[in-house]
Amino acid sequence: MKLLSRKEEMLLLTIWKLGDNAYGVPVRERIVETTGRYWSIGAVYDVLDRLVRKGLIVAQESSPMAERGGKAKRYFTITTLGHEALEEVKTLHAALWSGLA
Amino acid sequence: MPARPSSSCHPPVWINWLLKKTLKPQDYNVASGDLLEEYCNLFQNHGKLQANLWLLKEIGHDIPAIPARHLYWRIMMIKNYLKVAFRNLKRQKLYAAINILGLAIGMAGCLLIYLWVQDELSFDRYHTHADSIYRVEREMHFRDTHGIIPVTGGTYGEAYQMDYPEVEDYVRVDDLNITLLDHRQVFREQAIIAADATLLSIFDFPLESGDAEFALDAPLSVVLTAEAAERYLGTRDALGKTLSIQWNNGELTDFNITGILKPVPRNSHFHFEMAISIASFSEQRLNTWLNNFLYTYIKLKETANPADLEAQSHSFVKKHLAGPFAPYLPEDVDPTKICQMRLKPITAIHLNPSKQWEIGNQGSKTSVVIFSAIAVLILLIACINFINLSTAKAGKRALEVGLRKTVGAHRGLLLGQFLSETVLMATISAVIALIAIAVTLPAFNALSAKAIRLSHLLNGGNILIVLAIICVTGILAGLYPAFYLSSFKPAAVLRGETRKGRTRQTFRRSMAVIQFIISITLIVSTLTVYRQMNLVQNQSMGFDKENLIVVNTLQSIDHSRYQPFRNEILTDSRCLSMAYSSNRPGEDSFSDSIYRLVDGEENHVVHQWSIDYHFVNTYGMKIIAGRNLSTAYSTDSSAVILNEAAAIELGSTPEEIIGKTLLRPAQRDNQEFTIVGVVENFNYKTLHMDIEPLAMLSQPQFGGEISIRIAPGDVRKTLEYLESTWMHHFPSEPFNFYFLDEAIMARYTQELRMRDIFLIFSGLSIMVACLGLFGLASYSAQEKTKEIGIRKVLGAGIPHILGNLLKEFTQWVMISNIVAWPLAWYLMNKWLQNFATRISLGLDLFIIAAVISLAIAIMTVLGQALKASLAQPVKSLKYE
């Protein structure tokens with residue numbers, strides 16, 4: 001399988017950390033917070049879409065919520081495939097860093 | 001994180017609309033929820049302004065991605081279209097080849113003709129003042145004759161400049177041949193022009209070195225190209241040197257080289273390598289209204305209107321011409337009535353040349369129009385092929401169309417797909433066409449006497465034309481098939497029904513008929529041009545033009561040397577006879593004069609030649625009344641032989657006019673000539689013109705041409721003998737000879753060239769039409785496989801089936817013939833009007849064309865038809 005891109009890796013990790021609360025808004029808030037950079041909506045949602053298509057996360061929609069004007073939330077959870085991909089990147093990082101600094 | 005909803009927080013309404021438009025329906029719900037939540041967070045913490053700013057920022061960031069993505073998919077689709085198109089080409093190699101080849105031939109032919117036409121139209125346009133330079137011409141109406149005379153005397157230019165303030169400048173140009181002595185002390189003949197100094201300022205003929213303003217000012221000045229300088233002086237750097245030219249009665253005279261000329265562009269209506277100052281001529285040669293031997297060009301002011309000048313023709317003729325003309329005209333004739341001054345734009349000279357006395361070989365507007373039409377027709381035939389074959393093969397694509405429609409392609413997309421397919425094919429064809437042009441261009445240039453290069457096609461506006469031809473052909477050829485294909489109903493198609501409409505058959509048939517109409521018209525035209533040119537070549541001229549050698553002497557030759565030369569030549573058995581005369585048949589220069597019978601009243605304009613006693617015999621002319629000139633009659637030193645036309649013009653008959661006396665009333669000497677003989681009319685101009693009255697005066701002292709009839713056989717040996725004898729007797733005269741038949745044919749260069757080009761392009765168009773017919777035939781045979789199978793099972797024989805298949809195509813061809821005949825008749829009748837002697841458009845021509853077209857059609861179709869009728873019925877019917 002192709003290696004994760006840096007953006008995919010960051011978003012996957014963020015979703016993992018957010019656990020049960022991983023839907024669009026907090027994902028974006030958290031990643032902006034952690035990286036200290038501006039992430040546009042498109043930049044986040046596009047990658048999320050791609051992760052779903054690759055089967056690294058699954059999306060599940062909540063029931064419509066009154067406080068959101070009757071709109072549902074889409075929650076993301078990492079799949080086993082997602083975990084494996086993260087592991088792979090991590091090992092790779094370690095291998096690349098070994099012996100340095 | 002708990003959301004903090006608030007009823008007071010409402011993002012702008014349009015944002016929801018935008019999201020709905022850009023997002024997939026299943027995403028819209030979630031995304032708009034998320035957006036609302038974030039917006040409200042900001043709204044409550046930072047206020048409405050901040051929230052709205054954030055929204056705008058997000059939109060600014062993400063909106064550009066939408067068209068980018070759209071474009072991406074578009075390109076993906078086009079990639080898919082191309083892939084499918086290539087697959088189709090590969091799957092149906094024969095059809096692809098026919099289609100592409102047909103289009104390529106069509107395009108190549110069309111582009112070649114385009115280049116040719118462009119070159120023809122470019123003549124004389126390169127002059128900076130091209131639009132304000134005119135040639136002074138006279139239009140003459142005298143009795144029944146009418147003609148344009150492009151030559152003038154030396155006085156016209158100055159008169160124009162003096163009389164009319166609109167005339168800025170003028171230049172006189174005379175083209176002549178001279179003999180010069182080169183640096184190896186060899187006499188050489190060279191065509192030159194004599195012109196005013198203004199030649200270099202009115203026209204764009206730049207000098208490489210020398211002072212253009214004064215280069216042709218002084219008498220005995222010459223400018224020449226570096227090539228000519230190298231040829232005659234052995235150096236390209238000849239400025240300031242002198243050139244030895246036989247001038248005034250053949251004396252060698254030194255001309256000063258005052259300028260080195262850049263080569264004259266090919267698309268100039270007159271060409272020269274050398275120009276001498278016209279002031280080198282004697283004053284009396286130039287200062288006359290009567291001796292019309294040169295061309296006068298005037299340059300008008302930018303604002304001037306040439307029509308205003310032409311309108312003042314009456315006063316010009318009255319002021320300048322009436323006086324000098326009067327002695328030569330019958331008293332009752334008003335010069336202003338018979339002569340009108342005309343101004344011809346120089347850019348019009350090449351395509352609308354005068355019939356007589358034109359400077360050099362020019363083109364013809366008719367050819368340009370005819371060839372342009374052929375170019376369009378060839379392309380049209382190729383397009384029709386394409387349309388026919390594509391619709392015929394539409395059934396094969398029906399499933400694809402059905403499937404595409406089922407998965408969501410709308411009609412516009414399919415149109416786009418099929419059009420991009422045809423444009424692709426047109427592009428492939430164009431590449432093949434360009435290669436074909438590159439390969440055939442040298443041959444085409446040789447044929448058409450042009451110097452067209454492929455790079456002409458790829459520079460500036462022409463590349464746009466090429467692209468336009470690709471697009472127009474692609475779209476024109478693709479539009480109907482695209483509409484037709486995209487109209488398939490998916491349900492019907494996927495169920496296995498292909499449409500077999502009567503309308504489609506009719507459409508294809510009428511297209512094929514149009515193709516054949518064009519082809520048949522071209523066949524008839526080619527046959528007509530061929531026949532006419534054959535007539536021109538083989539027409540009995542009234543004299544024997546074969547085996548006649550003409551030696552051109554530029555100056556009158558010394559008679560004390562001519563006689564011994566003649567005697568020596570005639571001792572050889574290869575030389576049968578020899579004559580000396582001022583003119584020869586097929587020549588363009590004439591002099592005419594007013595003649596009257598001594599006992600007659602009326603004056604007549606008659607051409608005059610000077611001949612010696614041997615002329616009529618040498619040319620093998622037929623005497624129909626009286627006798628030939630003869631040394632046996634001492635009175636024959638003032639005798640004349642007329643042609644038949646002259647006898648009739650003088651109001652008599654060939655028999656009755658013998659013995660009468662002819663008089664030139666206008667000339668002071670009042671010389672009288674006894675009419676001793678009348679010859680049968682012979683063609684002494686080109687066959688474009690009627691035979692006019694001619695008087696051949698017995699004046700052996702005025703000559704310029706030596707005609708020698710030789711025995712057929714080893715002509716080269718005879719020529720060597722002639723030349724060595726010539727050099728022995730006339731060491732300072734170059735031996736310039738030509739064969740009379742060749743010289744006469746050279747007058748028809750334009751027509752002969754046109755005939756060849758015609759033949760090639762009508763051949764091409766017929767070929768393209770046949771390709772189409774072949775494709776259609778093979779399709780039709782395929783479509784009828786089952787029908788043929790059933791017919792065979794029911795007992796039909798092969799001839800019957802074959803006949804059945806051929807009948808369809810022969811019908812088309814017959815219909816085409818019927819339509820094409822009147823069309824071809826009309827066009828060719830018009831073309832033939834250019835000739836005074838012309839063939840009649842007999843029915844046989846049309847029947848031959850019909851037979852040819854039918855034969856070609858049947859030959860094209862026969863193979864396919866035979867294959868279909870020989871097929872085993874069991875194979876075609878086993879699926880039923």
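A residue counts as buried under 20% relative accessible area, as exposed over 50%, and as partly exposed in between. That scale is used at several stops below; the model itself is predicted.

**Stop 1: B:Ile858.** Select B:Ile858, in helix H30 of chain B, which covers residues 843–870. Its relative accessible area is 29%, so B:Ile858 falls in the partly exposed class. Now show what surrounds the residue. Setting aside neighbours within four places in sequence, B:Ile858 is in contact with B:Leu806 and B:Thr810.

**Stop 2: the domains.** Colour chain B by its domain assignment: domain 1 is 13–63, domain 2 is 130–349, domain 3 is 365–536 + 749–877, and domain 4 is 548–744. Taken over C-alpha atoms, the centres of domain 1 and domain 4 of chain B are separated by 105 Å.

**Stop 3: aromatic rings.** Over all chains, the count is 41 aromatic pairs. Select one of them, B:Tyr562 with B:Tyr580: the ring centres are 5.0 Å apart and the planes are at 35°, so the pair is tilted. The pair links distant parts of the chain, 18 residues apart, with B:Tyr562 in helix H21 (residues 559–570) and B:Tyr580 in strand S13 (residues 575–581) of chain B. Are these two residues buried or exposed? B:Tyr562 has a relative accessible area of 2% and is buried; B:Tyr580, at 1%, is buried as well.

Next, select B:Phe543, B:Trp609, B:Phe615, B:Tyr619, B:Phe682 and B:Tyr684, which form one aromatic cluster.

**Stop 4: arginines over rings.** Select B:Arg627 and B:Tyr633. B:Arg627 lies over the face of B:Tyr633, 3.6 Å from the ring centre. Then select B:Arg755 and B:Tyr530, where the arginine lies over the face of the tyrosine at 4.7 Å from the ring centre.

**Stop 5: cavities.** How many cavities of 30 Å³ or more does the structure hold? There are four. The largest cavity has about 310 Å³ of space. To find the largest cavity, select B:Asn99, B:Ser390, B:Arg397, B:Glu421 and B:Met425, which lie nearest its centre among the 21 residues of its lining. Then show the elements of chain B that each give two or more residues to this lining: helices H4 (65–91), H5 (93–121), H14 (365–392), H15 (394–406), H16 (411–448) and H18 (460–486).

Key: Residues are numbered from 1 along each chain as its sequence is written. Chains are lettered from A and ligands numbered from 1 in the order in which they are written. This is a predicted model: local features need pLDDT of at least 70, side-chain atom pairs count only at pLDDT 80 or more; totals for chains, interfaces and linings use all residues. Side-chain values use heavy atoms; hydrogens and water are left out. Helices (H or I, at least four residues) and strands (E, at least two) are DSSP runs, numbered from the N terminus. Buried means under 20% relative accessible area, exposed over 50%, partly exposed in between (1.4 Å probe, protein chains only). Contact means heavy atoms within 4.5 Å. Rings of Phe, Tyr and Trp (its six-membered ring) pair if their centres lie within 6.5 Å; planes under 30 degrees apart count as stacked, over 60 as edge-to-face and the rest as tilted. A charge sits over a ring if NZ of Lys or CZ of Arg is within 6 Å of the ring centre and within 35 degrees of the ring normal. Domain bounds come from an automatic or database domain assignment. On a 1 Å grid over the protein atoms alone, a cavity is a set of points where a 1.4 Å probe fits but cannot get out, and a pocket is an open set with protein on both sides within 12 Å along at least five of seven lines; lining residues have an atom within 4 Å of a point. Grid points are joined across faces, edges and corners, and a volume is the space filled by probe spheres set on the points.
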